[in-house]
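User: I would like to learn how to read salt bridges in a model. Please take me through them with an example.

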Amino acid sequence: MKTEIDQIKKNIESFYIKTHQDVEKFRIEFIGKKKGIIPFLLKKLKYLSIENRKIYGQILNDLKVQVNKKIQSFDFKKKSSYYTHQCKKSFDTTIPGKYSEIGSLHPLSILKNRMIDIFSNIGYSYVDGFEIEDDWHNFTALNIPFDHPSRDMHDTFFLCENKNVLMRTHTSSVQIRYMKQNKPPLKILSIGKVYRNETISSRSNFMFHQAEGFYIDKKVSFSDLKKTIHYMIDSILGNIKIRFRPSYFPFTEPSAEIDIFYNNEWLEIMGCGMIDPEVLNNVHINSEMYSGFAFGIGLERLALIIYNIKDLRIYFDNDIRFLSQFRSELY
Ligand code: PHE
């Protein structure tokens, strides 16, 4: 493993990056989830002794950092030369203004408004949450134990050293905030940004939008949850095949993940389940009397399917050629 690692280190250093395509090639070769050599070796660590696992785990993680730094430094150089170039051009403030076209809503805003509409039709109210959360609302009240991997520094952006303040990792914290202050029956939808320490790629980003829905009343059952999900997917995507796959979330029991059959493969798009009675107890809702379901869905993934987008980085590039295509959709 040692010689292999030395070679990888040399290859990282000598990889010549000139264009954005090179950056992508570089990223895929070294840290790409499917083909990257570093994730591949990380998976092989389990065959080593505990001692070696630690040593090589550390070395491989350092290499990952090195790769990310090289990617970031390319972007930075590009941007700074672009801005100096722009500033050098002279700008005549006396020239009359040009006619400018009306802008359009961002595809994610269009989808957000559509979801709010679809759910208000079946009695859901919309509420906003907070992007900066504390440990209790994001983790503890949702039954997420102290040693859960999502609480790791590598996954969550903590805003202070004692790890009490953080960028929320999911919109499920809204459940807690709302349930604390309101009595059932509750039918709520909330949409907003969530943050996770993920490598940026065509399928993932460190920030994305989540829609969270939950319904609490007497005798709410799993079949109510299924009906609601089918209604939502039908309204947004039309006739498309979906499947419920048993899964695990600390705050729902039972839990399921929902996949959509798209482009000949199953694409995971959301998590859901019956709210764990322990979570209801945490916010002083009588779990003997009430039950409820909750679901969380990523908007970027969903919009990929609706608009047939291949790479979710395009949402945040501010490229007019992309954004102007949504002009007709003044939702
Ligand atoms: N919060 C979960 C996530 O971010 C999704 C989820 C929401 C699952 C509600 C179950 C119920 O992955």
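**Reading the salt bridges**

Analyst: A network of salt bridges links E24, R27, D311 and R313. The model is predicted, so local features need pLDDT of at least 70 and side-chain atom pairs count only at pLDDT 80 or more, while totals for chains, interfaces and linings use all residues. Residues are numbered from 1 along each chain as its sequence is written, and side-chain values use heavy atoms, with hydrogens and water left out.

User: What is a salt bridge, and how many salt bridges does the rule give?

Analyst: A salt bridge is a side-chain nitrogen of Lys or Arg within 4 Å of a carboxyl oxygen of Asp or Glu. The count here is 13.

User: Where do R27 and E24 lie?

Analyst: Helices (H or I, at least four residues) and strands (E, at least two) are DSSP runs, numbered from the N terminus. Both R27 and E24 are in helix α2 (residues 20-31), three residues apart, about one turn of the helix. Their closest N and O atoms are 3.0 Å apart.

User: Which residue of E24's other salt bridge lies in a loop?

Analyst: E24 also pairs with R313, with closest N and O atoms 3.1 Å apart. This pair links distant parts of the chain, as R313 sits in the loop between α10 (299-307) and α11 (320-323), 289 residues from E24.

User: Is R27 buried or exposed?

Analyst: Buried means under 20% relative accessible area, exposed over 50%, and partly exposed in between (1.4 Å probe, protein chains only). R27 has 9% relative accessibility and therefore counts as buried; E24, at 24%, is partly exposed.
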